[in-house]
Amino acid sequence: MTAGSTAPNGQPAKARDAGTLDAVIIGAGFSGMYQLHLLRDRLGLKARVIERGDGVGGTWYWNRYPGARCDSESHSYSYYFSDELLKEWEWSERYPQQPEIVRYLNFVADKLDLKRDIQFETTVTAARYDEAANLWRVETDAGETVSAKYLITAVGCLSSANVPDIPGRDTFKGDWYHTGQWPHEGVDFTGKRVGQIGTGSTGIQAVPVIAETAEHLMVFQRTANYSIPANNHPLSAEFKKWARENIDEIRRTMHSSTNGHPFLIEDRKVFDVSAEERRKIYEKAWEIGGLRFRAVFQDILFDKAANDTAADFLKSKIGEIVKDPQKARDLAAIDHPFATKRPPIDTGYFEAFNRDNVSLVNLRETPIVEITETGIRTTERDYELDIIVFATGFDAMTGSLLKLGIVGRDGVSLNKAWEAGPRTYLGIQTAGFPNMFTITGPGSPSVLCNMPVAIEQHVEWVTDCIDRMEKQGIDRIEPTEEAVAGWVDHVNEVANATLLPQAGHSWYLGANVPGKPRVFMPYAGGMNRFREICDDVAAKGYEGFVLTRDRADSRADAVSA
Ligand code: NA7
C-alpha cells in the first residue's frame, strides 16, 4: 500500500502505525549515519534512519555523473570522530572520486553496524508535529507512520535537483539526464552528439570526461566561471603514512580554519606584497592546485581590489590555455568576483576546449529559446543533439527540506514559516518546530565549509543537547523568535561584510531557482567562529532556546537547563 492510496470504501487508506521511537533521522549520508551512531550507540536511544536510496551515501549516492569527484582533499573528507576509522581506511587519490566515497561510507556503515537501523528505499511524505503527544508523526511512501520525540533532518544541502523548466523540454526525443540523478548503469556517450547545459562545479568536472567519448560535446554556458586545476594525483605511501600519524594535528587545523579544510588562510593581505611577489604566489598556488588557491591571501573575499588581482590572474590563465580566441574570450567573460560563487576545481576543463569535438555556446549572447524534438534552439540557431545533460545544480539548502512536508505547531508548515526565506537559529532549529533539528541547515556554515567538519559539529551539538534533555526530563526545545531574528540578522551581517552577495546569480542566494526568495543562506562568519558560538550557547544553558517540561497537569513550564 502506498500513501495516498484509497481503501475499498473510497476513503483514504490509513497509514500503518509503525510504532514510536526516540528519534527519526531523514537521510543516510554523512550526517544521518553519524547521527544514528551517536543517538543509538552513545545515548542508547531508539533511532531509525529513513532513506530514499537503496544504499548509503546521500549526495554521493545520487551524483554519479562522469567525473564526479569531491573538491575537498580526501584525507580531510572523512569522519574525524574515530581514530580507528581513520587508520583503517586508505584513500587512493588526492581528491576522492564518487565511487570511492560511496565505498568509504559503506565501510563506515558496516563497521558501525548502521544498516540494520536504516530503512532504505523509503521516502518521507510528511512529518507533522503532534503537540498533545509531543511526537513527530513521520509518514512514508511505504504507507507507514512512525512516531518519535525527535525529528532530525540529514537531507544534505545539494540533493534537490534543479531541472530548469525550459519550454519544450518534454518534447525532446533523445535522452536527457540531470547530473544529480544519474543512472546507476551509466550513460554511453560513444558516437553521440551531446549538449551540456551548465558550467558550475559539476559541469566543469563533467566536460573533460564526456568529451573523451562523445562524438561532439556542445557546452551551453550561461555564466562563465573561474576554475583552478585540481592537480589530482594518486597519494604516495609517504603521504598516507603522514596522514595516519598526524590525525590530531590535521583535526586541529580543520577545526581552527574558516572553511574546515586541512590548511589555514594566510595572514597576509594582497597589497602587502609587490605585484611581482603576488604573481609568484598565485603561480605557486595554481601549481599546487585546488581550493588552497583561495587561501593564499586573507582579504580575497573582503576587498574587491584585492579580489581583482586573483580574478585577473585566473582569467589570464584561461587565455593561455584555450587556443581558439573566441572560446577563450567567452570562457573568460566572468562577471563576478573570484570565489563569490563556489570556485570549481578541475582536471582538464579549459584544455578540453582545445579538442575538435568540443564547442561552446555563449548563452549570454544567444540565449536558449526552447528545447525541440531534436535538440536545443537558441536565438541564433538549432543544435541537433542525441543527449542533453543538465548540469544545472540544485534547489540548494532549502529544497530538500521543503519537500518533506514538514508541519510544526498549530499546523504551520515549514514552507509557510520560510516563505520569505529560511529562518533558523544556528541553522539547527526553527521557531514553531519543537524538537526538530536540521543538520547543516540554512544559517549554518555548511556549504562554505568542508562538509564532514560542519556535519560532525552539528551532529555532536545535537547529540549533547538531546542527551541533556533526556537526562533532565525535558520534553521539548525550540528557539525563541527573538533568537531566530537575531541570528538571521547576524547571518546577513557577516555575509554583507564579504564580497559573497555580489554574485547575484549564485545558488548561495537561491538565485538559481525561479521564484525562490533571495536570501544569503549559509553562515559566512567561519566554521571556527560558528563552533565557538554554538558551544557558548550550550554552555549558557541553551541561550536563545526555550526548554520545557510537561507537568503532571500537562501545563508547559519553561525550565532553565
Ligand atoms: P551550480 O553551481 O548551481 O551550477 C549550475 C550551472 O547550470 C550554472 O552554470 C548555471 O548557470 C547553469 N544553469 C542553471 N540553470 C540554467 C538554465 N536554465 N539555462 C542555462 N544554464 C543554467 O550547480 P553544480 O551542480 O555545478 O554545483 C553545485 C555544488 O555542488 C557546487 O557548488 C559544489 O558545492 C558541489 P548560472 O551560473 O546560474 O548562470
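Buried means a relative accessible area under 20%, exposed means over 50%, and partly exposed lies in between, with a 1.4 Å probe and protein chains only. The legends describe a predicted model, in which local features need pLDDT of at least 70, side-chain atom pairs count only at pLDDT 80 or more, and totals for chains, interfaces and linings use all residues. Residues are numbered from 1 along each chain as its sequence is written, and side-chain values use heavy atoms, with hydrogens and water left out.

**Figure 1. Ala328 in helix α10.**
Ala328 is found in helix α10, residues 325–332; helices are DSSP runs of H or I with at least four residues, strands are runs of E with at least two, and both are numbered from the N terminus. With a relative accessibility of 10%, Ala328 counts as buried. Contact means heavy atoms within 4.5 Å. Apart from neighbours within four places in sequence, Ala328 is in contact with Ile318, Gly319 and Val322. The C-alpha atoms of Ala328 and Phe350 are 8.7 Å apart in space, and the two residues are 22 residues apart in sequence.

The ligand has 18 residues around it, of which Thr199, Thr202, Arg222, Thr223 and Lys341 come nearest. The shell divides into seven nonpolar, eight polar and three charged residues. In this division Ala, Val, Leu, Ile, Met, Phe, Trp, Tyr, Cys and Pro count as nonpolar, Asp, Glu, Lys and Arg as charged, and the others, Gly among them, as polar.

**Figure 2. Backbone atoms facing the ligand oxygens.**
A polar contact is a pair of N or O atoms within 3.5 Å; within protein, one must be able to donate a hydrogen and the other to accept it, and residues adjacent in sequence count only if both atoms are side-chain atoms. A polar backbone atom of Thr199 lies 2.9 Å from an oxygen atom of the ligand. For Gly200, the distance from a polar backbone atom to an oxygen atom of the ligand is 3.5 Å. A backbone N or O atom of Ala391 is 3.3 Å from an oxygen atom of the ligand. On its own the ligand has 770 Å² of accessible area, and the protein covers 87% of this; accessible areas come from the Shrake-Rupley method with a 1.4 Å probe, and for residues only the protein chains shown count as cover.

**Figure 3. The nonpolar cores.**
A nonpolar core is a set of buried Ala, Val, Leu, Ile, Met, Phe, Trp, Tyr and Cys residues joined through side-chain atoms within 4.5 Å. The largest core holds 144 residues, and Phe338, Leu426, Trp461 and Phe545 touch the most other members. Helix α14, residues 451–472, supplies the largest share of this core, with ten residues. A second, separate core of 20 residues includes Val124, Val146, Leu401 and Ile406. Beyond four places in sequence, the contacts of Phe338 include Tyr226, Ile228, Phe293, Leu314 and Pro343.

Gly375 is placed in strand β14, residues 375–378, and counts as buried at 0% relative accessibility. Residues up to four places away in sequence aside, Gly375 touches Phe172, Glu370, Tyr383 and Leu385. Gly375 and Arg193 are 182 residues apart along the chain, yet their C-alpha atoms are separated by 9.6 Å. Glu380 has its place in the loop between β14 and β15 (382–384) and is exposed, with a relative accessible area of 54%.

**Figure 4. Two residues with positive phi.**
Asn231, although not a glycine, has a positive phi of about 50°. Asn231 is placed in the loop between β10 (228–229) and α6 (237–245), and counts as partly exposed at 35% relative accessibility. Ser446, also not a glycine, has a positive phi of about 30°. Ser446 is found in the loop between β18 (436–438) and α14, where Ser446 counts as buried at 1% relative accessibility.

**Figure 5. Ser31 in helix α1.**
Ser31 lies in helix α1, residues 30–42, and counts as buried at 5% relative accessibility. Not counting residues up to four places away in sequence, Ser31 touches Ala154, Ile439, Ile455 and Val459.

Methods. Near = heavy atom within 4 Å.
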